[in-house]
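Here is a short report on how several protein chains come together. Look at the model first, then read on.

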Protein chains: 4
Amino acid sequence: MNTWGRGIRLSIFGESHGKALGMVVDGLPAGESIDAEALRREMERRAPGRDALSTARRETDAVEILSGIKDGVTTGAPICGLIQNGDARSGDYDARLRPGHADWTALLKYGGHADLRGGGHFSGRLTAPLVFAGALARQTLWRRGIRIYGRIAAIGGVADAKTPRDEAERQSLAGLRIPAFGDAAARMSAAIDAARAAGDSVGGIAEAAAYGVPGGVGDPFFASVESVTASLLFSIPAVKGVEFGDGFRLADLRGSEANDELFIERGAIRSRTNHNGGILGGITNGMPIVVRVACKPTPSIAKAQRTVNPADMTETTLATAGRHDPCVVPRALPVVEAALALGILDCMSAGPPEAQ
Amino acid sequence: MNTWGRGIRLSIFGESHGKALGMVVDGLPAGESIDAEALRREMERRAPGRDALSTARRETDAVEILSGIKDGVTTGAPICGLIQNGDARSGDYDARLRPGHADWTALLKYGGHADLRGGGHFSGRLTAPLVFAGALARQTLWRRGIRIYGRIAAIGGVADAKTPRDEAERQSLAGLRIPAFGDAAARMSAAIDAARAAGDSVGGIAEAAAYGVPGGVGDPFFASVESVTASLLFSIPAVKGVEFGDGFRLADLRGSEANDELFIERGAIRSRTNHNGGILGGITNGMPIVVRVACKPTPSIAKAQRTVNPADMTETTLATAGRHDPCVVPRALPVVEAALALGILDCMSAGPPEAQ
Amino acid sequence: MNTWGRGIRLSIFGESHGKALGMVVDGLPAGESIDAEALRREMERRAPGRDALSTARRETDAVEILSGIKDGVTTGAPICGLIQNGDARSGDYDARLRPGHADWTALLKYGGHADLRGGGHFSGRLTAPLVFAGALARQTLWRRGIRIYGRIAAIGGVADAKTPRDEAERQSLAGLRIPAFGDAAARMSAAIDAARAAGDSVGGIAEAAAYGVPGGVGDPFFASVESVTASLLFSIPAVKGVEFGDGFRLADLRGSEANDELFIERGAIRSRTNHNGGILGGITNGMPIVVRVACKPTPSIAKAQRTVNPADMTETTLATAGRHDPCVVPRALPVVEAALALGILDCMSAGPPEAQ
Amino acid sequence: MNTWGRGIRLSIFGESHGKALGMVVDGLPAGESIDAEALRREMERRAPGRDALSTARRETDAVEILSGIKDGVTTGAPICGLIQNGDARSGDYDARLRPGHADWTALLKYGGHADLRGGGHFSGRLTAPLVFAGALARQTLWRRGIRIYGRIAAIGGVADAKTPRDEAERQSLAGLRIPAFGDAAARMSAAIDAARAAGDSVGGIAEAAAYGVPGGVGDPFFASVESVTASLLFSIPAVKGVEFGDGFRLADLRGSEANDELFIERGAIRSRTNHNGGILGGITNGMPIVVRVACKPTPSIAKAQRTVNPADMTETTLATAGRHDPCVVPRALPVVEAALALGILDCMSAGPPEAQ
């Protein structure tokens, strides 16, 4: 099912080498002024071909808005955004199953009917509609005082030694191609270059944080902020792990270290630390929400790998010659931020009527 | 929202110190023989008070089935299972917010109306209905050739050095209180004891694996097996991280290391390794599904912690004197297995009609 | 699937002759004082055995609340209400398919595994949980200024000649066993008696109306107030038709007759007539919401009917000797009112966050 | 919310005078050959401007398929169909609220932000995507032996005296502009002409029937075939009533008349009559499914009506001069058939896995 959400509803569609891809998002408030230039900038962050770090394929990620926005303001009707597929060279692909890709499982599920040119509906290109929907959500959140930031915590085994302490430090990374502190960015960049030179690829860890989310958002159990957001994050093709707050590191701590002690600040309850990433019992506590995702390395590599040709059920090898990112993490980061924005907005968009 | 699922539907209800708690599960096939003794055993695995490792509170986790099962066979109607709350000593709890608990966020969301005695609806006790629903799902899966196993990968900083290579190794851990290999179990047990002695608690990592899941289950994007399962796993109160296959370790690998190469075995496509945990593009490939979750340490500890009393908005301290697990991981493991079973069954229970 | 709702979630479970039946409702606001006596009165309206008009079976429709309400106030957690099955004489039923009942389709769907004693999960008794959920919703709506009324428009071919002109007229029918104007109630009662005397049954039309619903509730298309409410109304076993406003009579009118002309009353836009039943384009306009449902006559009758015994696939006859209502309309009316309450509350419980 | 369905998912988007409108449908089986010419014919049935009976506006209802179909075969990925808005003359519309339209409720809900040119997102033009989705569903059903037919039962107070007895009689109406028996079509056409001449409009009753639906489809209660289908039918702008089988006429019958007696035909259980319209307890019984909807007369009429101008909150009058159908029933009929097809397919597309 390619529909997500409860308070808001998001549908995505399209294939990598089809006519067009896009999304329909429903449930945004009416009367929101949309900053088209900010939307374009978000799309640009995910778009390939910006520099030597990413794939040479030059996609046109310009979004044409077909409905739901009139004179730059949301109408309350569903918003459809369309992205034409311009520069698709299907000749780059063949029938052999690419290891690490969905070619194999698409074959199992759709029995040869899937359009797998360029990864088809499974392509990372389908994250473009996610970024667009997230950018819309982000503007809606921004107007309610909620700011979202992203950073790269690790690439190719190179971890950023510094963890941002506050919003200002997160903001200081804005606009960087690899938003990491100190020399970490340069070392991550070197790791990507080394992988490319070796005909190989690297993965990494992307982090997003939301400031200004009011307390009391989310539900216990199935509609916890974690459940809702993770269901979207695990939709991103490369993501194989998701953690909130200190995540897996909490497994090594003692309770006295992991608990966030409480105090009173200007009449409000606050916690001194934020090991729980702003969420307790599935519900926000007003502290920053922090989420990290593990991205696996790009499966398409120039190195030869053993695989199978399902056409004649023979074993063979495959060295992917196409235009591929040696590292998707910088381009995945805006997708992760988009998912966090959508997760928060979805949780804020459902609930009982206020007493009158 | 306390309802989960698409192909199947699960509702849970109840509070820790209320009359009863339970679940309604809908969408199981009619005509399934239910092994009541196996259900009871699963409930027993999660129940507290079994030994010195867990809380001294003796809950009665006996489930009374009110509907949907007749003469030991599912009828196709929704199954309601009820667990009476017997041994609740509310005197153990007071108004001070327990750091690391949902007391704070429940206050923010429900404005003082939540029943927070014993953690109320946020209590880990609510995982009992999850285990029951999972045990039903498990029997349905078993009949279709799908077996689920659990193990503890780490507790309190003690990691199991061994990773199971095959189903037999996973099966060898069945029935162990701490299902870990070699001396890891004893060392984990010692870590728990040390934490208890210090008035503290420890967290850990639980792992579940499913064998025999056919290829082609799940959907790309929002209903990926990862998305569906993670949304349930993040409903478990202590869980702060979820990873599939090699998860966060994939972030450090190169593509040539992370990709699972393919070959042909007895006429079927298989992969030599399983770094992707049996899922590619959100869809199963027939390899074992592997998922790991990070459990934070039990928030309730005997050590004094700084906190707030919201009744008079004063800062204070709290040392939890109640009966609490110093480590929830052994009891969380059957919950994780239940979530995996429900996630897989849900993905198998939706789809287009077969052509005729 | 036995789960309904978007803004609120309702699950029902149970079989007519099982241990118990009940419901779980989630999404009601926290902090609502629940009037237990009013709940009891609503349950009593639907309960059988009150007088000679209905079945002689004396069910105990007392609801035990297991969760979600503490000291008479909603906690925000899901509310489970349980109704024990006391007086079930399964001996009254046999294997022959009862014409007009779901016995046949249950056999087709569940292949003999369904518990069909007393109608099983298909029994009209399952409307008791609906009434309970609706009574909860009703109290929540009442606190927001919304009042719901019911009347019987026709029974056994006897139509009430009068259509209520305003709220006071609707209110004047409250508490009547057959809420109809003038001598219509007596004539309807006579039609029921005549049917019973003939070993037969009659159907009828129940109407519910909601006053005080604010304008702007509902969505165009799939979550229209009509769509949401009708999906619940068509869940009621006997209902075969649903119409809003003037409904099917609109098919015979001209546009100039059917349109509701607008004017200004105390600064607000109002319509002079209400042919559209308070809903335009799926969204409320502030006028009373009016809905009518057609109930088919009780399928269980004493007259012999031709049918099939699926045990040996023989044709046979069946004369139902059990305790059955010759007319379900008076007991269906509170179910219809409950469905309308739930439909409105569901539509009011979903939407984007307010701008701040 | 503009998303519908459980087993399949349908999203629609667009406004009457926006750039384009369309739909995304997800959950159709992969590998279905799509007959593009049959799709085009279905769209043509709903399209305006075909003859003197309907509006003079010439819309281009050609659907461009953007995804999910490759070489005429479904791929399993979501299908997006786009309809460009060509011939929109916004000058025909002004700010005065059109009685009977959603202008008023859109104002209440969206506070002046809705794009109401030509009815905007509330326009009957949004039924074009529904017809397209239904035409896709219909081809999927056809391949599984299910045939859907439509007829007009009444227009402007002229009822068709004949009720079709079998599939052949329903089929005999195919292709007629007003599919009614004998001279009914001519009399209905005259009623439309008379209304147009009077600057007025008429409503009517459309009926759809499905043959070949297997028994056992649907669920009791909330996912009954009636609930699922009605939720979609009540999304159609003009629909104010829905009935299955004999519907409201059942309210006047006795049980002995309304029950469908059973017998055995070629080894299968069948009913002699079909008062219940092929559905008992929400589940199909293998008999034809029959549904009827009441369409209100077109609200846009040339006659002057009293209304309100919300811009200055004054009372005024309005005589709609635009191009409007005096009767939408012939064009609504394919929409009703589409909704029935989607309802059935949705119910067939959810369920537990088969035992193996």
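The report goes from chain symmetry to contacts, then to strands, core and single residues.

**How the copies are related**

This is a predicted model. Take chains B and A to begin with. Chain B can be laid on chain A by a turn of 180° with a shift of 0.0 Å along the axis, and the RMSD is 0.0 Å. Of the contact residues of chain B, 100% recur in chain A, and the same surface serves both copies.

Now take chains C and B. Chain C goes onto chain B with an RMSD of 0.0 Å, by a turn of 180° and a shift of 0.0 Å along the axis. That is the relation of a two-fold axis. Within chain C, Ser11(C) has the C-alpha nearest this axis, at 3.6 Å. Here too, 100% of the interface residues of chain C are also interface residues in chain B, so the copies meet through the same surface.

**What the contacts are made of**

How many residues of chain B are in contact with chain A? There are 85 from chain B, and they meet 85 from chain A. The contact of chain C with chain B takes 37 residues from each of the two chains.

Which elements build the chain C side that touches chain B? Those giving two or more residues are β2 (9-14), β3 (20-26), β4 (63-67), β6 (73-74) and α2 (103-110) of chain C. The largest share comes from β3(C), with 5 residues.

Some strand pairing runs from one chain to another. Strand β11 (residues 239-244) of chain A pairs with strand β11 (residues 239-244) of chain B. The two are antiparallel and share 3 bridges. In one of these pairings, Glu243(A) has Gly241(B) as its bridge partner in β11(B).

Chains C and D build a sheet together. It is an open sheet of 10 strands with antiparallel pairing, in the order β9(C)-β8(C)-β10(C)-β16(C)-β11(C)-β11(D)-β16(D)-β10(D)-β8(D)-β9(D). The edges are β9 (158-159) of chain C and β9 (158-159) of chain D, each of which pairs on one side only. Helix α8 (residues 329-348) of chain C packs on this sheet. The helix touches β8 (147-155), β10 (204-211) and β16 of chain C, and its direction makes about 140° with that of β8(C).

Inside chain C, strand β11 (residues 239-244) and strand β16 (residues 289-295) run antiparallel, joined by 5 bridges. In β16(C), Val293(C) is the bridge partner of Val242(C).

**The nonpolar core**

In soluble globular proteins, nonpolar side chains tend to be buried together. The largest nonpolar core in this model has 452 residues. Which residues have the most contacts inside it? They are Ile344(A), Ile344(B), Ile344(C) and Ile344(D). Leaving aside residues up to four places away in sequence, Ile344(C) touches Leu141(C), Ile146(C), Ala210(C), Val213(C) and Val217(C).

Start with Met313(A). This residue is not a glycine, yet its phi is positive, about 50°. Met313(A) sits in the loop between β17 (305-309) and β18 (314-318) of chain A. Is Met313(A) buried or exposed? Met313(A) has 11 other C-beta atoms within 10 Å, so it is exposed; the cut-off for exposed is 12 or fewer.

Phe221(B) also has a positive phi without being a glycine, near 65°. Its loop lies between β10 (204-211) and α6 (225-233) of chain B. Phe221(B) has 28 other C-beta atoms within 10 Å, so it is buried; the cut-off for buried is 20 or more.

Glu32(B) is in the loop between β3 (20-26) and α1 (36-46) of chain B. Glu32(B) counts as buried because it has 21 C-beta neighbours inside 10 Å. Not counting residues up to four places away in sequence, Glu32(B) touches Val73(B), Thr74(B), Gln139(B), Thr140(B) and Arg143(B). Met43(B) is 11 residues from Glu32(B) in sequence, and their C-alpha atoms are 19 Å apart in space.

Technical notes
Residues numbered from 1 in each chain as written. Chains lettered and ligands numbered in written order. Predicted model: local features only at pLDDT ≥ 70, side-chain atom pairs only at ≥ 80, totals over all residues. Least-squares fit on C-alpha atoms with pLDDT ≥ 70 in both. Contact = placed C-beta atoms within 7 Å. Pairing = 2+ DSSP bridges. Helix = DSSP H or I, 4+ residues; strand = E, 2+ residues; numbered from the N terminus. Axes fitted to C-alpha atoms, helices over the stretch in contact; angles between N-to-C directions. Core = buried A, V, L, I, M, F, W, Y, C linked by C-beta atoms within 7 Å.
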